[in-house]
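Subject: Structure handover

Hello,

Please find the structure below, with the sequence. My notes on it follow.

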Amino acid sequence: MKKLIVISLIISFSISFSFFLIFQQENWQTLNTNIQYFYSQNALVDEPKILLIGSSHIGMLNASHIQSIVNEKFPNYTVYNLAVSSDRPSKRIHELEKIISLNPKLIIYGVGFRDFSNEQLSSNFLPNPKNFINSFLSENSPDFLENPKLVTLNVIKNTLQYANKPENLEKNTPFFPYTSEYNKITELNELKQKTNSGLEINILNLEKNRDFLATKEILSTFSKNKIPTVLLLTPHNSYFLDSLSENNNKNFSTMINEINSSNHTKVYSLMKNYSNNNIWLSENHITHSSEGIKFSEDLGKIIIRILEK
């Protein structure tokens, strides 16, 4: 009887996983077409471009506001925020050719602790499907599995007949739709509680950390193509920073120090600049509302300093 149950579970899982792969492959094509369209159109535009890349941490930046600051000193530059939700270096590395095709004059690559972490919910007692898929497919994951979350959300949106409604995409931010949720501010007491019961960060050491190795390859590739690149350490709330283990802090610092010691990449940090300010959407996301505009202003000033050198 037990043997029959095990066999049934294996068959059920195999069928479900097969349907998942087919679903992702079929629906990736539509999403990928939109991404390809952006790159193909903007690669032809002869303008000095500044690219902001990273995950939702960078998505919270206001590209238009940053551009207005930069244009006070450098009026011809255009700032593009190419943030993608749930992005990380091991995913972004597959976009290098497209990014290089834009011929940017400067790239700001935003990273934080999550970008180098194998993270899990502290209350999660069941196996994490994402970790299973990553382990199962290892380094040979096909393009359509690079962001299953984004593909699935896009299908849900289309199914609910939102496809013909304009997405809330801000100017020069083509891959990161905004909602009213991103303008909220979480009170500090609530933020403390969420941090204590939220994600567990586990940063592996350099030799075993594929996102760190991907980051090094990304930065090296940009350097070989003579594209000035800055690694930006994104803001994190004080409760989150205080919750990190000594080992996580040590491994993260070792990675950043190695990158900073290279000849081709400068590291700038805004990690602790707003850690106690009441401008947080979550423990590592600043609100996209006007209360969080200081993040964009400070990055605009950093870009000016870089361009003036």
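Two strands are taken to pair if DSSP finds at least two bridges between them. Helices (H or I, at least four residues) and strands (E, at least two) are DSSP runs, numbered from the N terminus. This is a predicted model, in which local features need pLDDT of at least 70 and side-chain atom pairs count only at pLDDT 80 or more, while totals for chains, interfaces and linings use all residues. Residues are numbered from 1 along each chain as its sequence is written, and side-chain values use heavy atoms, with hydrogens and water left out.

Strands

Strand β3 covers residues 106-111. β3 and strand β6 (residues 229-233) are parallel and share five bridges, with Y109 standing opposite L231 in β6. Strand β1 (residues 49-53) also runs parallel to β3, joined by four bridges; here L51 is opposite I107.

Is β3 buried or exposed? Six of its six residues are buried (under 20% relative accessible area; exposed is over 50%, partly exposed in between; 1.4 Å probe, protein chains only), so the strand is largely enclosed by the rest of the structure. L106, I108 and G110 point one way, and I107, Y109 and V111 the other.

Helices

Helix α12 (residues 293-308) has 16 residues, and its end C-alpha atoms are 23 Å apart. Buried residues in α12 include F295, L299, I303 and L307.

I15 lies in helix α1 (residues 2-42) and counts as partly exposed because its relative accessibility is 44%. Together, I7, I11 and I15 make a nonpolar surface patch of about 260 Å². Accessible areas come from the Shrake-Rupley method with a 1.4 Å probe, and for residues only the protein chains shown count as cover.

Aromatic rings

The whole structure holds 13 aromatic pairs. Rings of Phe, Tyr and Trp (its six-membered ring) pair if their centres lie within 6.5 Å; planes under 30 degrees apart count as stacked, over 60 as edge-to-face and the rest as tilted. F176 and Y178 are edge-to-face, at 5.3 Å centre to centre and 65° between the planes. F176 and Y182 are stacked, because their planes are at 25°, with the centres 5.5 Å apart. F176 is buried at 1% relative accessible area and Y178 at 4%, whereas Y182 is partly exposed at 22%. F113, F116, F212, F240 and F252 form one aromatic cluster.

Regards

Methods. Patch = residues over 30% accessible without salt bridge, like charges linked within 9 Å, V, L, I, M, F, W, Y side chains within 5 Å. Salt bridge = Lys/Arg side-chain N within 4 Å of Asp/Glu carboxyl O. Expected span 1.5 Å × (residues − 1).
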